[in-house]
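Welcome! Take a moment to look over the sequence and the 3D view before reading on.

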Amino acid sequence: MLRIRRTSGMKPISASFRDLMKNTAFRLIVSLLVGAIAIVVLLSSLSYQQAMQILNDESSKSSQQTIIQTSRHIDYILQTYKEFTNTMSHDQELLNKLLVFSNVDDPSGYEMVVGQLTSVLTSYSNSNASVESITLFSADQTKVVSTLSRQALLPMIRKDNAEAIQATDWNKVIQSSPEDTLFLDTRTSGFVSSSSNGPLFAIVRIIKSPFNSHKILGMLLIEISTENLEKALKGFKLGNGGGYVVVGGQGNIVIASDTTAIAASYEGSIPPVLPESDGSYMGHYDTEDHHGILQNYTFRRSPLSGWTLIGYYPKEELVAPMKQVIWNTILISLICSLVAAFAIGILVQRNVGSPLRSLRLLMQEGEKGNLGVRTSFQADTEIGDLGRAFNRMMDQISLAYYDTLTNLPNRRLLVDRLEAAFQHAEEQSHELAVLFIDLDRFKMVNDSLGHHAGDLLIQSVGQRLQQCIREGDTVARIAGDEFVILLPELSDKSYPIPIAQRVLDKLRTPFSILEHDVRISGSVGIAYFPQDGSDAEALIKCADMAMYEAKATGKNNFKTYDPAMSIRSHERLVIENDLHRALDQQEFQLFYQPRVDPRTGTIQCSEALLRWKHPKLGMIPPDKFIPIAEESGLIVPLGAWVLHEACRQNKAWQDAGYAPMRVAVNVSAKQFGRGLTDSVAQALKESGLAPDWLEIEITESVLTDNENTVIASLRKLKSMGVHLAIDDFGTGYSNLAFLMKFEVDTLKIDRSFIQNIHRNIEHQLITTSVISLAHNLGMRVVTEGVETIEEHQFLLKYEPNEAQGYYYARPASALAYEKDNLNKQAHIG
């Protein structure tokens, strides 16, 4: 177990804790007191300013919206009167009568036309009850042509009183206006009526000839009661103490909340503003009224009538609520100050006392070896800095002792725990065991699904391994796909065996990785303390050697270390080192073994078998150096040499006059995707051998592990004319239907089915079925490992195309093969 030992440096740290507590407490107290004072000052001023700004803005928006709605309502009423006047000015009958009137000279005709005009005016007057009077003036506006009034007419504008009419103030406004239609400001005395029921405003319309727009036929003046306007403005109010006023185009008050001001001249001012999109002018301002009271004004000038609606209310209505807000703010600030003062003690305890106590407990846990402890301090204070420094320290320790991908102990922590376990085992006189686990076919997952999938697989493997152990045992990841299990305190030396078997079972169960079912296996090596190793590195190395023995004997099993493995491991190391120079030193050579027609004994094909003549170790069989060559990557140049040498030798035999036959060359899975087809093409080209005389042999495992890459390479080889064969058929997971898509020419049945076939019913059934099915699928069949006459005689009955084995001939060098085998057949030439 990891121990973080206490050192003399802990005392200064403890002293700094006390100083830190004092400094932090002081900072908290000062911060809280200053904050309390700041709350009183800032909340009071900011609340007042912000609230005033917000209220001003909202009040302005609300007032403008109200003014717009009300002003448009008034415009709607005035528009109806304007349309009424416009209808009259375009009335064909009225226009015809006016044209006749303008050309009448005799009195009798004049009276008749006036009567007719009066009749027309009567019909219009009766159609609108709010119209007080309708008066038609002559073209020169010197006399009243016709009038229809609900009240008596003013003496000054009676018929033919030209000077009085011209002298009226409203007539002067009309004369100076360029508009054909004009709204006249309200007056209480009336424009043409001698009396009325209330204030009146008027609308004037110049009537022009429909045939000549420059010729004026007359002028209409319509007096209208303000009753409808008063209804529109009823209830309109911007504030509790506010009011409204409508200022006409002539500067007089048309209508107001203070009825005594109606028809009086408006004494206030309206600041100039830019026009709105609808042609109106709108604004908002503050100023004192004639009583010296500060008022908030909002106005809108109508584009229709030129009248301006002004709403106002005292500014004091905004200030009064703010005063209440200020008092409330002060009260809240005082309460906050009291609460802050009361909370000082709690905050000091929470921000200083409690964190320091928690940190002390976490450090104690860390001293016990619990490297997962962390603080949650985030404050920007000395306490926060100390907590973050503690977390960084624990992170560094974790990185040093734990694997970042799986969160399992790494090699360093494993060694630390092994040393502690050794000491405990010696004290208690018991044994412990180490299991070294290596994943089989892990590289295939990385190559086919990517490194991210490989990482996920490693994480899943780590989780499954933890399910195989007891509490107190350790699972560590020490390299890419290598794990170690430490089993301390063994009560029974056989205990690791079921653990190893459980590990293998767990690894054989498919893993779900990125929506793929990934199948792998493992190889496990077991070593014991103290007999196999007395220190951590030695024990791990012994378990590693045992694991390699398990992998060399077929993988997916476990082996227990024995001293002979060290010898084999040393031999393996020598072989691996010497492999790098063996090709340059021409230590490799090819042996050949014939494949014959079992009926005639005629050689159909020669299989090239690689041998290594080591200068010190002698002849090394391929099963000892080929796996090492595959792992080191030397199999690619070595395989290319085999192809070139086999093609060269076969061509040499043909040139020497021997009957043409194929030469079969085994290729490794490592050669696919790394220039295999180019090597074959180059070997054929340089040797001059026709592609039909070369056969490439691959095993079933090559097909299943690299299907996409292999299919592309095999199809290219087939297009070149090279023959394809499946070696050791029956030992893998494929079937004949699966092999059909690879366009295989020859099927070689593994020797395990041929040995003692004449006595093994099960092997007989399998072999004869494969021969029959392969023939039906158009494949040639080769039976491997025929060693006895009984096996040969049994197979003759089922007619395999070729047979191979010691019964016919043993592998031999090229020279011996030519002498002992080729010379026995008929010589061509």
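Below is a short tour of some ring pairs, charges over rings, a helix contact and one threonine.

## About the model

This is a predicted model, in which local features need pLDDT of at least 70 and side-chain atom pairs count only at pLDDT 80 or more, while totals for chains, interfaces and linings use all residues. Residues are numbered from 1 along each chain as its sequence is written, and side-chain values use heavy atoms, leaving out hydrogens and water.

## Aromatic pairs

Searching the whole structure turns up 13 aromatic pairs. Rings of Phe, Tyr and Trp (its six-membered ring) pair if their centres lie within 6.5 Å; planes under 30 degrees apart count as stacked, over 60 as edge-to-face and the rest as tilted. Helices (H or I, at least four residues) and strands (E, at least two) are DSSP runs, numbered from the N terminus. Both phenylalanine 201 and tryptophan 307 are buried (under 20% relative accessible area; exposed is over 50%, partly exposed in between, with a 1.4 Å probe and protein chains only). Ring pairs also link Phe201 and Trp307 with Tyr81 and Phe183 into a cluster.

Another pair, phenylalanine 588 with phenylalanine 625, is tilted, at 5.7 Å centre to centre and 50° between the planes. Phenylalanine 588 lies in strand S18 (residues 588-596) and phenylalanine 625 in helix H15 (residues 622-632), so the pair ties together parts 37 residues apart in sequence. Phenylalanine 588 counts as buried at 7% relative accessibility, and phenylalanine 625 is buried at 0%.

## Charges over rings

Arginine 464 lies over the face of phenylalanine 511, 3.6 Å from the ring centre. Arginine 810 lies over the face of tyrosine 806, at 3.9 Å from the ring centre. Such a charge has NZ of Lys or CZ of Arg within 6 Å of the ring centre and within 35 degrees of the ring normal.

## A threonine in a helix

Where is threonine 677 placed? Helix H17 (residues 676-687) holds threonine 677, which counts as buried at 11% relative accessibility. Not counting residues up to four places away in sequence, threonine 677 touches Ser713, Lys716, Leu717 and Met720, where contact means heavy atoms within 4.5 Å.
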